[in-house]
Amino acid sequence: MVADTVAPNRATRPQRPRSRSWLRLVVLLAIVAVVLYPLFWMIGTSVKSQEEIVNNIGLLPRNFTPGNYTDGWTNFDVSFARFFLNSAMVSLLTLVGNAVSCLLAAYAFARLRFRLRGLWFAVMIGTLLLPGHVLIVPQYILFRSLGLVGAEWPYLPLLIPQFLATEAFFVFLMVQFMRGIPRELDEAARIDGANAFGIFRHVILPLSRPALVTTAIFSFIWTWNDFFRQLVFLSDLSDYTVPVALTLFIDSTSQSAVGPMFAMAVLSLLPVFGFFVAFQRMLVEGINTSGLKG
Amino acid sequence: MALTTAPDPTRRGTGSVRPDANRRGTGRIRHGEGLAGYVFLSPWLVGLMGITALPMLLSLYLSFTNYDILTPLSEVEWVGLANYERMFTSDPSWWHSVRVTLSFALIAVPLKLAAALGVALLLNRAWRGVGLFRGLFYLPSLLGGSVALAIVWVNMFNRDGAFNSFLALFGIQGKPWVNDPDWALETLMVLAIWQFGAPMVIFLAGLKQVPTELYEAAAVDGAGKFRQFVNVTLPMLSPVIFFNLVLETINGFQGFTAAFVLSNGTGGPVDSTLMYTLNLYITGFTNLEMGYASAMAWVFLIAIAIITVIFFSTGRFWVHYSDGEDR
Amino acid sequence: MHPATHPTASAPDGRTYRTPLLRRRLLRGLVAAVVTLPLVGAAAACGDDAASDGKTTISIFWWGGEARAQLTEQALDLYTQKNPDVVFEKVWQANQGYFDKLATLTAGGNPPDIFQIDDNFLTEYAARNATLDLKPYQESGDLDTSKFPPSLLQYGVVDGKLAGLAAGENTQGLVYNKTLVTENGLPEPTTGMSWEEHIAWAEQVSKKTGVPGTMDASAIDKAFWVWLRQQGKDLYSGNELGFTVADVTRWFELWKDARDRGATPTPDVIHEGNATDITKQLVVTGKAATSWVWVNQMPELKKNTSDELGVIAYPGDPSGQWARASMYWSVFRGSKNADIAVDVINFLANDADAVKLLGTDRGLPSNLDLRRVVSDDTTDEAMKQSIAVETELAKTFGEAPQVPIKGHSKVRAELIKAAENALYGRVTPAEAAAQFVEACTAAIAS
């Protein structure tokens with residue numbers, strides 16, 4: 001099973017027997033059914049009445065209650081559409097920021113020689129290791145000191161770090177990918193007279209697509225789901241993002257609107273799911289490095 | 001062609017010997033490259049100096065104080081090593097959370113990586129509908145740590161949950177998994193493994209980067225599918241495997257969200273899911289002992305740093321970089 | 001003293017540690033960096049407290065659901081109507097993360113002028129001088145508390161300072177499934193039954209109906225507290241625990257006996273009941289015939305079940321219960337507009353229109369005159385019921401205890417841990433009690 005999936009190139013591979021395709025499909029569908037059962041349950045719950053959510057733990061509702069979707073959408077003074085837009089904006093800007101700034105840093109770490117490179121690389125990895133919860137308060141104090149908290153546009157504290165490559169995860173990810181790009185390509189470009197910038201532009205950038213796509217996917221999705229930082233830095237209902245808004249449905253000490261919450265949680269999966277399916281297409285079949293050399 | 005055979009066997013085990021040190025080593029910096037390096041690095045450096053470093057240093061400083069969040073910074077008291085002393089000598093719940101975290105990470109991380117790699121290999125080749133399947137497998141990871149996820153998971157794994165109904169088909173009497181202190185951590189592991197989407201995507205991207213001519217060359221040499229996997233795929237994928245291993249290990253040790261969500265932020269039942277970072281969060285924010293929590297965080301950093309260094313130093317024996325350089 | 005139970009424990013006067021020069025420099029550098037930056041930022045952020053149109057903005061922060069948000073916003077708009085110079089920056093969220101955010105804002109020197117708080121955290125904030133002492137306003141008459149039940153007011157006093165004004169009153173309530181009990185021809189429980197009688201009744205319910213008669217209360221701090229008061233003890237006494245290992249052992253044994261007799265659900269279900277939020281109390285999910293809640297949570301419980309519910313006091317002498325502030329309004333001590341902020345909370349407590357708007361969402365209105373008006377106006381059946389019960393219980397309320405001390409959150413968590421340890425049969429009640437007291441002693445030592 002493992003071996004027959006690695007054949008990379010359709011052209012060199014003999015036609016696969018039809019029955020094995022079917023087998024693969026059946027196996028995949030079986031795994032998917034198990035893996036996705038909790039999500040089916042979630043969708044089922046999103047059309048249950050409040051009383052049924054508490055008392056009927058089955059997959060399907062006894063009374064189909066699609067009203068949760070309209071209730072949830074209009075539950076607050078601000079329409080849920082606003083939260084979707086806010087989340088989309090923050091996620092897209094984060095994506096851009098991470099992709100650009102982390103790519104630049106990763107190129108430096110992966111390809112260029114400069115003083116203290118090893119030290120900076122170690123520091124970069126080190127910033128990954130500290131549990132984030134002890135950084136929230138100092139960060140808040142810092143951003144407030146910088147006048148970024150409570151500004152007219154409240155998303156600055158969420159976005160500025162993303163444009164400064166503070167997500168070491170992505171830097172390290174791209175470094176690892178770039179180190180998989182043969183150095184012979186750099187040398188060839190150098191012989192043609194390219195300097196560090198030229199190599200970046202003509203060799204590394206085009207070949208970094210898998211890493212960039214991965215970064216884009218994760219940046220978008222993780223920001224879409226991020227709760228704590230958005231909770232701390234956003235204070236106006238109309239500025240809230242989807243994860244913050246979702247928690248508004250359930251106050252464990254008083255009131256709960258579990259049905260509408262599930263409905264909105266299901267809806268909030270759609271944009272990220274669509275985003276993922278669209279972007280993963282860009283993870284295309286193997287790069288042919290020899291073409292670039294010529 | 002220089003790169004048809006993936007890892008040069010002579011390079012294995014050579015350790016620190018760098019045959020090409022003269023040409024590419026850090027010893028000599030090519031003219032102009034040092035400057036270019038800092039130009040490309042500048043956004044990161046600004047971010048480090050301006051945004052990352054100060055909070056980190058502040059938390060390091062606070063780990064030697066009795067900081068409680070509510071007291072202004074200028075009034076915190078220096079307590080020397082007391083926080084660290086307390087951690088190692090008189091805090092049984094700290095030791096407990098260390099044990100919980102270790103057993104979680106040791107089991108969940110390898111299984112999650114295996115699941116991710118397995119599914120990535122299944123979904124690597126392009127065929128009609130593969131994108132949809134990739135999306136479906138990624139779906140669980142899209143849920144993150146939302147309130148909805150908590151409710152879903154508890155309802156899958158409590159006494160009358162879906163999992164037990166499934167077991168009942170085979171006449172097996174299940175446990176109240178999430179509500180059983182002997183099984184709650186395992187339920188947490190299942191949740192972590194279930195969300196294997198991130199490493200899966202990274203594996204997929206890594207597989208895309210394997211130059212196709214390597215397979216062609218291997219096929220010409222008469223290598224079968226399995227030999228191609230061992231001789232081409234694994235070595236070429238090794239930087240990405242390495243990345244996933246390091247990051248998922250860090251993630252596994254930092255595993256907070258699943259534990260927080262499943263136990264309602266308590267680490268229960270009876271502390272059975274009290275992961276290190278959850279303990280740290282409760283200490284810092286609920287008990288308002290942020291100084292102590294900072295100390296816990298820095299001990300954590302040192303421990304993970306040691307593990308990471310071990311990974312990096314063993315990496316040179318099995319990670320193949322096409323840029324022909326060890327790190 | 002337990003060694004190094006807390007960073008300061010070994011340095012009682014806080015001066016034992018010399019400050020080395022290097023450390024002082026490091027500290028000075030860090031603090032300077034953080035403290036001087038605001039000067040740069042202040043210019044950019046420009047004073048938002050006094051907007052250019054001469055209006056004062058009061059920021060106010062609370063947790064709750066959408067319904068509470070609506071009511072509170074209406075009441076605040078009413079204030080703006082009557083005081084056009086004051087506008088509000090209203091921030092609300094669910095209780096998840098509320099105190100994390102409040103603490104973070106406070107650390108940033110940026111807390112709201114007015115914030116909602118509960119008795120878990122009141123002392124934590126008051127003891128660190130984050131809350132304004134409302135006593136002077138009370139004495140000057142700017143804050144009118146004349147219509148408050150004295151014990152309710154007293155329950156906001158920390159170290160002689162009025163740290164929070166009760167935003168509503170509630171008290172412990174034992175909710176039972178009336179439909180289940182009456183349909184099976186069983187007697188309904190009544191206020192004043194002893195704990196033993198309650199458990200015997202619950203055992204009977206289990207046997208007759210197959211539904212466990214009572215949720216196990218051993219891990220529930222509010223039940224433990226009432227029980228302690230009925231034994232002549234208390235949760236806290238000054239800065240100490242108000243009970244001994246022997247007391248806790250008896251409490252845990254009471255419930256072990258209940259479990260052995262089949263009066264309670266199985267341990268995993270009890271844990272579920274301990275961990276869950278208000279909508280999933282066992283009485284609602286049908287996993288037990290009774291649950292331990294606050295009286296004013298009745299309407300919310302009612303929404304989640306089609307069965308009829310009844311509510312009475314916790315077992316034992318009802319004078320063990322007291323007029324508890326369900327939550328408080330506190331004013332940040334550093335607020336630039338403290339006088340206005342105090343006027344706002346005075347308005348929320350004493351203005352007839354505002355109180356009518358707010359209703360019983362945060363508990364019964366603190367102002368007794370207005371409480372009567374609100375209860376007459378209520379049309380919600382479940383709400384009527386809970387008002388009636390609480391009004392009845394108010395006649396027998398005992399003195400308010402002191403507000404829980406610093407470390408209370410930890411104590412609550414430790415109670416759950418110890419009780420569940422016994423519940424799952426991992427330790428005996430006596431061992432669990434000893435562990436609990438040891439952990440509590442460490443937790444409050446700071």
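**View 1. A facing pair on neighbouring strands.** C:Ile60 sits opposite C:Lys90, a residue of S2(C). This is a predicted model, so to speak a computed picture of the chains. The strands S1(C) and S2(C) run parallel to each other, paired over eight bridges.

**View 2. From strand to helix to strand.** Here S1(C), H2(C) and S2(C) come together as a β-α-β unit, and the unit is right-handed. If you want to trace these pieces along chain C, look for S1 at residues 56-63, H2 at 66-82 and S2 at 86-93.

**View 3. Another partner for S1(C).** Strand S3 of chain C covers residues 114-117 and pairs with S1(C), again in the parallel sense, over two bridges. Look for C:Phe61 here: its opposite number in S3(C) is C:Phe115.

**View 4. Where chain C meets chain A.** On this side, 38 residues of chain C make contact with 31 residues of chain A. Helices H1 (21-45), H2 (66-82), H3 (98-107) and H12 (282-285), along with strand S2 (86-93), each give two or more residues to chain C's side. Which element gives the most? That would be H1(C), with eight residues. Sort the chain C residues on this side by type and you get 14 nonpolar, 16 polar and eight charged.

Technical notes: Residues are numbered from 1 along each chain as its sequence is written. Chains are lettered from A and ligands numbered from 1 in the order in which they are written. This is a predicted model: local features need pLDDT of at least 70, side-chain atom pairs count only at pLDDT 80 or more; totals for chains, interfaces and linings use all residues. Two residues are in contact if their C-beta atoms, placed from the backbone, lie within 7 Å. Helices (H or I, at least four residues) and strands (E, at least two) are DSSP runs, numbered from the N terminus. Ala, Val, Leu, Ile, Met, Phe, Trp, Tyr, Cys and Pro count as nonpolar, Asp, Glu, Lys and Arg as charged, and the others, Gly among them, as polar. A residue is buried if 20 or more other C-beta atoms lie within 10 Å of its own, exposed if 12 or fewer, and partly exposed in between; C-beta atoms are placed from the backbone. Two strands pair if DSSP finds at least two bridges between them. A crossover is right-handed if, with the strands pointing away from the viewer, the path from the first strand over the helix to the second runs clockwise.
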